[in-house]
Amino acid sequence: MANTYDFDDDDKDLKATAGGKFKEFDCPDCNANNPVHDTFGDQDEVRCNYCGTEFRVTVSGEGRVKFKEL
């Protein structure tokens, strides 16, 4: 069963660029920081460069980011 991770870390806020896109994420599985070359946003797929796990990104109306393991 795939896991759904809810990003809610007070120490590190995900900062969206103009247009609601993100430049990096912390992997919910291994906690590695992953800067990305292209930005990502709602319904995009991202892969952790360290553990290789793939996630589908969901961004709520409040800007809250959730990762669902594929």
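The legends below describe close-up views of a predicted model.

**View 1. Phenylalanine rings F55 and F67 meet as one of the aromatic pairs.** The structure holds four aromatic pairs, and this view is centred on the rings of F55 and F67. A pair of aromatic rings is described by the distance of the centres and the angle of the planes. The centres of F55 and F67 are 5.9 Å apart and their planes stand at 70°, so the pair is edge-to-face, because an angle over 60 degrees counts as such. Distant parts of the chain are linked by this pair, since F55 belongs to strand 5 (residues 54-59) and F67 to strand 6 (residues 65-69), twelve residues apart. F55 has a relative accessible area of 0% and is therefore buried, and F67, at 1% relative accessibility, counts as buried too. Both rings also belong to one aromatic cluster, which is formed by F22, F25, F40, F55 and F67.

View 2. Strand 2 (residues 22-26) and strand 3 (residues 33-40) run antiparallel and are joined by four bridges.

View 3. A disulfide is a covalent bond between the sulfur atoms of two cysteines. With a cut-off of 2.5 Å between the sulfur atoms, the count in this structure comes to zero disulfides. C27 is in no disulfide, and the nearest cysteine sulfur, that of C51, lies 3.7 Å away. For C48, the closest cysteine sulfur is in C30, and the distance of 3.6 Å is too far for a bond. C27 counts as buried at 1% relative accessibility, and C48 is likewise buried, with a relative accessible area of 2%.

**View 4. D44 and K21 form a salt bridge between two loops.** The structure holds three salt bridges, and one of them joins D44 with K21, the closest N and O atoms being 3.6 Å apart. This pair links distant parts of the chain, with D44 in the loop between strand 3 and strand 4 (45-47) and K21 in the loop between strand 1 (4-6) and strand 2, 23 residues apart. D44, at 25% relative accessibility, counts as partly exposed, and K21 is partly exposed with a relative accessible area of 29%.

**View 5. Salt bridges of E45 with R56 and of E54 with R47 are shown together.** In the salt bridge of E45 with R56, the closest N and O atoms are 2.7 Å apart. This pair also links distant parts of the chain, as E45 lies in strand 4 and R56 in strand 5, eleven residues apart. E45 is partly exposed, with a relative accessible area of 47%, and R56 is partly exposed as well, with a value of 28%. The side chains of E54 and R47 meet in another salt bridge, with 2.4 Å from N to O. E54 counts as partly exposed at 27% relative accessibility, and R47 is partly exposed, with a relative accessible area of 48%.

Notes:
Residues numbered from 1 in each chain as written. Predicted model: local features only at pLDDT ≥ 70, side-chain atom pairs only at ≥ 80, totals over all residues. Heavy atoms only, no water. Phe/Tyr/Trp six-rings, centres within 6.5 Å; stacked < 30°, edge-to-face > 60°. Buried < 20%, exposed > 50% of the residue type's maximum accessible area, 1.4 Å probe, protein only. Pairing = 2+ DSSP bridges. Salt bridge = Lys/Arg side-chain N within 4 Å of Asp/Glu carboxyl O.
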